[in-house]
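Plan: sheet first, then helices.

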Amino acid sequence: MRAEDFAGLYQLEEKYWWFAAMRQITDTIAARELQQPNLRILDAGCGTGFNLGYYSNGNSRDVYGLDIADAALEHVRKRGFGKIAQASIAEIPFGSETFDLVFSFEVVTHTPRELHDSEFREMHRVLKPGGHLFIRVPAFMWLWSSHDEAIEAWHRFSRGELVKHLADAGFVVEWTSYANGFLFPVILIHRFLKRAGIGAGTDVKPLPRGLGWLDGIFRGILASEAAWFKSGRRLPFGLSLIAYARKN
């Protein structure tokens, strides 16, 4: 990603509807583990670092981050975090069996496909036995658009593809579902407009002037998926794909 993309993320991560609602979904899926005391957590591809502070709160958590981009880590330092490393998730610079929980939010998509197997193996390696990986990736190659090109993504995943990567790395997949499905009709229209040249570029930007009131509506709709998942249900489609997997 470009330096200007990270600057935009730094401004948006705390309150923008998509980030806020996705944190609610993450908290729901990983709730049992997040309630445990003395967790050691790695955000593998921490971006500008908002989640490092968010997940540092409570139960004496010890939170670490890594990212390969200079521009990302500059923003992490602005937030005052020091437990960070500049590295690729294909070569994580921490010892084996170090972490109880690893987060990977929209990270693998930014790396070439030939690195994916080693990235999943590395996230498996640094987890303690019984530790968990929460991973979120963009879904469905047929949804590829100028957004993916603008953020320099390489790939979008199907559920079968993600599950195979996890299983091959040694994970037991406990839960998986597509996400951001309740807004799927709106998303489809938006993506088709992009293909027609309307609204090109990244979707991660403030809503147009005069449409800020939609932020709360979109946030509420997406956040309601957390309750849907908590009830034991899944979504058969969505813009994102989530898996929660355990190291035996």
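In which sense do strand S5 and strand S7 pair, and over how many bridges? I looked it up in the model, which is a predicted one: S5 (residues 127–138) runs antiparallel to S7 (residues 240–247), and seven bridges link the pair.

Helix H6 (residues 116–125) touches strand S1 (40–44), strand S4 (99–105), S5, S6 and S7. I get about 140° between the direction of H6 and that of S5. Helix H8 (residues 159–169) packs on the sheet too, with S5, S6 and S7 as its contacts. For H8 against S6, the angle between directions is about 160°.

Then I wrote down the whole sheet. It is open, has seven strands and mixed pairing, and I read the order as S3-S2-S1-S4-S5-S7-S6. Strand S3 (84–86) and strand S6 (171–179) are the edges; each has a single partner strand, so one side of each lacks a neighbour in the sheet. Ignoring direction, neighbouring strands are turned by 15° against each other on average.

Last entry: helix H2 (residues 17–29) and helix H10 (residues 214–230). Their axes come within 8 Å and cross at roughly 10°. Angles under 35 degrees count as roughly parallel, and therefore I log H2 and H10 as roughly parallel to each other. On the H2 side I found Trp17, Trp18 and Met22 among the contact residues, and the H10 side includes Phe218, Leu222 and Phe229. Sorted by class, the H2–H10 contact has twelve nonpolar, two polar and four charged residues.

Methods
Residues numbered from 1 in each chain as written. Predicted model: local features only at pLDDT ≥ 70, side-chain atom pairs only at ≥ 80, totals over all residues. Heavy atoms only, no water. Pairing = 2+ DSSP bridges. Helix = DSSP H or I, 4+ residues; strand = E, 2+ residues; numbered from the N terminus. Axes fitted to C-alpha atoms, helices over the stretch in contact; angles between N-to-C directions. Contact = heavy atoms within 4.5 Å. Parallel < 35°, antiparallel > 145°, perpendicular 65-115°, else oblique. Nonpolar A, V, L, I, M, F, W, Y, C, P; charged D, E, K, R; others polar.
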